[in-house]
Amino acid sequence: MMKREGLVAVLSGFSGAGKGTIMKHLLEEYPGRYNLSISATTRKPRTGEVDGREYFFKTKEEFEQMISEGKFLEHACFNGNYYGTPLDYVKNLTDQGKDVLLEIEVQGALQVKKIFPDAVLLFVTPPSADALKERLVGRGTETPEEIANRLSISTRESQLMEKYDYLIVNDDLETAVQDVHDIIESEALKTLRNKANIEEMRSELKKFAKGEENS
Ligand code: 5GP
């Protein structure tokens, strides 16, 4: 069998839902299996972040130039900064039959389907709103105002949850990681992603049929 078509899996979720941790575990537990897209952003690097590893850090002018050149698969404004997924990177990998993971917010996630209609959209949530607030408070990295702001963004984002294909409840981390992996594995087996394999099987079968006629 030949290689199947690569798929794009998009993970979004509330701030504090643990989507970054799920991504990290997927990459560590299945080495070489997934490719993580690195986004461009106009937000300033946080302590410890490296250009080209967490993000490609850009000025507003550079980012707007990239938008006008059609360099993004999707882009959105979040909390006053631009974020965008590089189109070439994702396209090159999927063309080679490789699967790409995007960790992006909801506005951008819904745009991805315009270019990749078969993209798989997964939404990560903690088991309850109380658990979400506790996680944000527990992180200790945000002020009470920032926490209130993140929770109001979450309220808005919750209106779009049904637009996603799957809901991942991140209660137990290992279960959530396994759920995401299992969903992607099942999606990869869909016939629509295996058109080349189906065609190959058909044409080989035709050869047999011809052979029979000649024998
Ligand atoms: P942070 O600034 O905390 O790294 O990210 C803020 C939000 O932007 C997160 O929800 C993250 O998933 C989202 N994000 C990161 N990269 C992209 C991107 O390329 N496109 C979009 N639409 N959102 C992104």
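Biologist: What makes strand E3 (residues 39-41) a partner of E6?

Modeller: Two bridges join E3 to E6, and the two run antiparallel; strands pair if DSSP finds at least two bridges between them, so E3 and E6 pair. Strands here are DSSP runs (E, at least two residues), numbered from the N terminus. Within this pair, threonine 41 stands opposite tyrosine 83 in E6. This is a predicted model, in which local features need pLDDT of at least 70, side-chain atom pairs count only at pLDDT 80 or more, and totals for chains, interfaces and linings use all residues. Residues are numbered from 1 along each chain as its sequence is written, and side-chain values use heavy atoms, with hydrogens and water left out.

Biologist: How do you know that strand E5 (residues 72-78) is joined to E6?

Modeller: Six bridges join E5 to E6, and these strands also run antiparallel, with histidine 75 standing opposite glycine 84 in E6.

Biologist: Why is strand E6 (residues 81-86) called largely enclosed?

Modeller: Five of its six residues are buried, so E6 is largely enclosed by the rest of the structure; buried means under 20% relative accessible area, exposed over 50%, and partly exposed in between (1.4 Å probe, protein chains only).

Biologist: Why is methionine 201 called partly exposed?

Modeller: Methionine 201 has a relative accessible area of 38%, and because that value lies between the cut-offs for buried and exposed, the residue is partly exposed. The place of methionine 201 is in helix H8 (residues 195-214).

Note on methods:
Helix = DSSP H or I, 4+ residues; strand = E, 2+ residues; numbered from the N terminus.
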